[in-house]
Amino acid sequence: MKTTDLIKDSLKHSSWRRGFLQNASETDDFESDPNMVKFVVVKKREESDAEKEDLMSFEALMLPHLDAAHNLARWLLRNEHDAQDVVQEAYLRAFKSFGGFHGSNGRAWLLTIVRNTCYTLLKKNQAVDFTTFDEEIHVAGDESASPATILEHSEDAELIREAMDALPAEFREILALRHQEGLSYKEIAEIAQIPPGTVMSRLARARGKLKEYLAARIGKEK
């Protein structure tokens with residue numbers, strides 16, 4: 001079953017929906033009052049229709065970002081199975097919180113949930129690998145600097161994966177969000193919940209570390 005189908009199936013059978021149906025079906029106390037029974041049935045039908053509309057709206061707005069969600073989870077977790085599980089869980093969390101989404105950038109909103117879900121798993125498994133960096137370091141120069149060009153145009157995809165996997169989590173995510181998903185500094189700041197200045201300094205450090213790793217690997221192969 002495809003990931004999209006798994007998510008759709010999970011949304012349709014999530015625990016809060018089962019709880020709603022169970023509660024709505026408990027009408028034994030009202031059987032002596034036909035009018036009350038009719039009211040409960042009509043109300044249940046109306047709420048069910050509203051749920052279907054919410055689900056359709058959610059799928060229309062959020063499922064187009066499934067690849068971006070999976071990509072971020074894969075780079076953060078470095079494990080395909082975990083990435084699929086986290087994306088499914090993140091979509092369920094997003095659906096439950098969908099009523100509170102009133103913005104225009106659904107991708108950034110969803111990726112924030114995916115990121116938080118990833119870090120929850122990493123911390124649970126004690127696999128978070130942060131590093132320290134100088135907040136004053138600013139990204140300067142051309143956006144198509146060597147690491148960026150490598151990320152976007154390299155033919156050696158396996159070497160890039162190895163290099164990315166060797167980086168700390170916050171470097172992996174910022175490179176993926178910037179150079180693979182093409183997000184703006186503002187969007188990355190929103191997703192990572194850090195100031196835009198930190199986004200730029202972290203991106204500069206991530207590019208530098210990536211370049212160092214690739215240079216070392218290429219030097220060994222010569």
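These legends go with a set of close-up views of one predicted model.

**View 1**
Start with the overall picture: the chain has a mean pLDDT of 77, and 68% of its residues reach 70 or more. Among the elements of the chain, helix α10 has the highest mean pLDDT, at 95, while helix α2 (residues 15–25) has the lowest, at 43. Residues 16–32 stay under 50 in pLDDT, and the model gives them 17 contacts beyond four places in sequence. Another stretch, residues 131–148, also has pLDDT below 50, with 33 contacts beyond near neighbours in sequence. Where pLDDT is low, the predicted coordinates should not be read in detail.

**View 1. A look along helix α5.**
Helix α5 is built from 17 residues and spans 25 Å from its first C-alpha to its last, close to the 24 Å expected at 1.5 Å a residue. Which residues of α5 are buried? They are Ala83, Val86, Val87, Ala90, Tyr91, Ala94 and Phe95. Now check the start of the helix: there, a side-chain oxygen of Asn79 comes to within 3.0 Å of the backbone nitrogen of His81.

Side chains of opposite charge can pair when their charged atoms come close. Here Arg93 and Glu89 make a salt bridge, with 2.6 Å between the closest N and O atoms.

**View 2. Arg74 meets Asp165.**
The structure holds three salt bridges, and this view shows the one between Arg74 and Asp165, whose closest N and O atoms are 3.8 Å apart. The pair ties together distant parts of the chain: Arg74 belongs to helix α4 and Asp165 to helix α8 (residues 157–165), 91 residues apart. Asp165 is partly exposed, with 22% relative accessible area.

**View 3. A buried pair, Glu173 and Arg115.**
In this salt bridge, the side chains of Glu173 and Arg115 meet at 2.9 Å, N to O. Glu173 lies in helix α9 (residues 169–180) and Arg115 in helix α6, so you are looking at a link between distant parts of the chain, 58 residues apart. Glu173 has a relative accessible area of 1% and counts as buried. Arg115, at 11%, is buried as well, because the cut-off for buried is under 20%.

**View 4. Helix α6 and the residue just after it.**
Helix α6 (residues 106–124) has 19 residues and reaches 27 Å between its first and last C-alpha, close to the 27 Å expected at 1.5 Å a residue. Just after α6 comes Gln126, which takes a positive phi of about 55°.

Most residues other than glycine have a negative phi. Look for Gln193 in the loop between α10 (185–192) and α11 (196–221).

Terms used. Residues numbered from 1 in each chain as written. Predicted model: local features only at pLDDT ≥ 70, side-chain atom pairs only at ≥ 80, totals over all residues. Heavy atoms only, no water. Helix = DSSP H or I, 4+ residues; strand = E, 2+ residues; numbered from the N terminus. Expected span 1.5 Å × (residues − 1). Buried < 20%, exposed > 50% of the residue type's maximum accessible area, 1.4 Å probe, protein only. Polar contact = N/O pair within 3.5 Å; in protein donor to acceptor, adjacent residues only side chain to side chain. pLDDT = per-residue confidence, 0-100. Contact = heavy atoms within 4.5 Å. Salt bridge = Lys/Arg side-chain N within 4 Å of Asp/Glu carboxyl O.
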